[in-house]
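This briefing covers surface, fold, core packing and side-chain links, in that order.

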Amino acid sequence: MGTQFHARRTLAGFFGLAAVIVVLFGVIALVALQPRDGLAWVNVPQLGPDLGLDAGLRTKPLKETVVADAARDRAIEGQGSLSVTAVMSAAPKGDPLTALAPTNRPVALGPTAPAAAATPDPTPTAAPSPAPTPDPTPAPTAAPTPAPTPTPAPTPTPTPAPTSTPTPAPTPTPTPQPFVIVTAGETVTTRPADPNRDCNSMTVTAAGWFTTNGVGGTVTYAWIRTDQNGRRTVISKPSLTIAPGDTSLHSVVPDVWTPESPGTDQLVFSSPAAPTVAPQSFACANSNQNG
């Protein structure tokens with residue numbers, strides 16, 4: 001079984017190879033025989049000896065188409081032949097042009113005989129005078145290319161020096177304003193207001209007031225009594241505390257007493273500094289003067 005299968009496969013391969021070879025040769029033949037420009041050019045051999053076209057050798061009548069084709073081929077190849085003349089004389093109906101009617105078969109044209117060389121004219125021809133050679137025009141001198149003007153380098157802009165910021169002068173520490181009394185005054189009154197009344201029977205009242213600059217501080221003051229003989233009596237009063245920013249009018253503790261003689265009473269500030277307050281006088285009858 002295996003041997004028969006191997007033989008069949010070998011035979012099939014042989015037939016396949018043969019088919020390929022046949023196809024290949026067929027393609028080559030088609031390519032080789034393919035006409036150029038749609039025409040196939042063939043050379044027709046001399047048909048005189050074979051077809052009995054030479055005079056005296058004709059043994060059987062020929063068709064008119066064969067004779068006409070043979071005559072046309074020989075005329076194209078440029079070969080003169082007596083057999084063509086004989087054929088033309090033997091053409092039926094005595095019309096040689098019918099034998100040379102064109103056919104549908106393309107023919108190749110033979111080489112054309114070269115034309116005869118022209119015989120030179122023996123008459124001598126005068127040689128033309130040579131044309132005068134023009135003076136050579138001098139080549140134009142190229143103008144010198146001007147040297148490019150160098151571009152001036154830009155002037156560098158000076159960088160402004162940074163302006164130094166002046167150091168501000170230190171703000172002086174304000175000196176604290178001293179506490180002072182701006183205005184001050186007093187009034188002295190007697191009761192009864194009778195200057196002829198005995199001093200021991202009346203009352204003297206001294207009232208005072210002041211204002212400050214608002215700094216604030218402590219006010220110390222006293223009343224000074226002076227009699228008509230010049231004796232002075234100092235009456236101290238409690239101190240007063242003034243708050244900062246207070247510039248209002250302040251009253252002091254009044255000085256009230258019964259005098260022994262006419263005299264004066266004066267408001268005096270120990271601190272802070274204050275303007276001088278003028279003493280105020282009072283009058284009464286002095287009983288000691290009578291004794």
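The accessible surface of the protein comes to about 22100 Å², and carbon and sulfur atoms account for 62% of that area. The model is predicted. Of its 291 residues, 21% count as buried.

**Surface patch**
- Leu17, Ile21, Leu24, Phe25 and Ile28 make a nonpolar surface patch of about 510 Å².
- One of these residues, Leu24, is found in helix α1, which spans residues 2–33.

**Fold**
- The protein has five helices and nine strands.
- Along the sequence they follow the pattern α-α-α-α-α-β-β-β-β-β-β-β-β-β.
- Of the contacts between residues at least 6 apart in sequence, 68% join residues at least 24 apart.

**Nonpolar core**
- The largest nonpolar core has 17 residues, of which Phe210, Val219, Tyr221, Trp223, Val252, Leu267 and Phe269 touch the most other members.
- Strands β1 (181–191), β2 (203–212), β3 (217–227) and β8 (263–271) each supply at least two residues of this core.
- Leaving aside residues up to four places away in sequence, Leu267 touches Gly185, Glu186, Gly208, Trp209, Tyr221, Ala222, Trp223, Val252 and Val277.

**Disulfide**
- A search of the whole structure finds one disulfide.
- Cys199 and Cys284 form this link, with an S to S distance of 1.7 Å.
- Cys199 sits in the loop between β1 and β2, and Cys284 in the segment after β9 (280–282), so the pair links distant parts of the chain, 85 residues apart.
- The link of Cys199 and Cys284 is right-handed, with 90° about the S-S bond.
- Both Cys199 and Cys284 are buried.

**Salt bridges**
- The whole structure contains three salt bridges by this search.
- Asp69 pairs with Arg72, their closest N and O atoms being 3.3 Å apart.
- Asp69 and Arg72 are separated by about one helical turn because they are three residues apart in helix α3 (residues 64–77).
- Arg72 is buried, with a relative accessible area of 16%.
- Asp255 and Arg225 meet through their side chains in a salt bridge at 2.6 Å, N to O.
- Asp255 lies in strand β7 (residues 255–257) and Arg225 in strand β3, so this pair ties together parts 30 residues apart in sequence.
- Both Asp255 and Arg225 are buried.
- Asp227 forms a salt bridge with Arg231, with the closest N and O atoms 2.7 Å apart.
- Asp227 counts as buried at 16% relative accessibility, whereas Arg231 counts as exposed at 54%.

Notes
Residues numbered from 1 in each chain as written. Predicted model: local features only at pLDDT ≥ 70, side-chain atom pairs only at ≥ 80, totals over all residues. Heavy atoms only, no water. Patch = residues over 30% accessible without salt bridge, like charges linked within 9 Å, V, L, I, M, F, W, Y side chains within 5 Å. Areas by Shrake-Rupley, 256 points an atom, 1.4 Å probe, with all protein chains shown as cover. Salt bridge = Lys/Arg side-chain N within 4 Å of Asp/Glu carboxyl O. Helix = DSSP H or I, 4+ residues; strand = E, 2+ residues; numbered from the N terminus. Core = buried A, V, L, I, M, F, W, Y, C linked by side-chain atoms within 4.5 Å. Buried < 20%, exposed > 50% of the residue type's maximum accessible area, 1.4 Å probe, protein only. Contact = heavy atoms within 4.5 Å. Disulfide = S-S within 2.5 Å.
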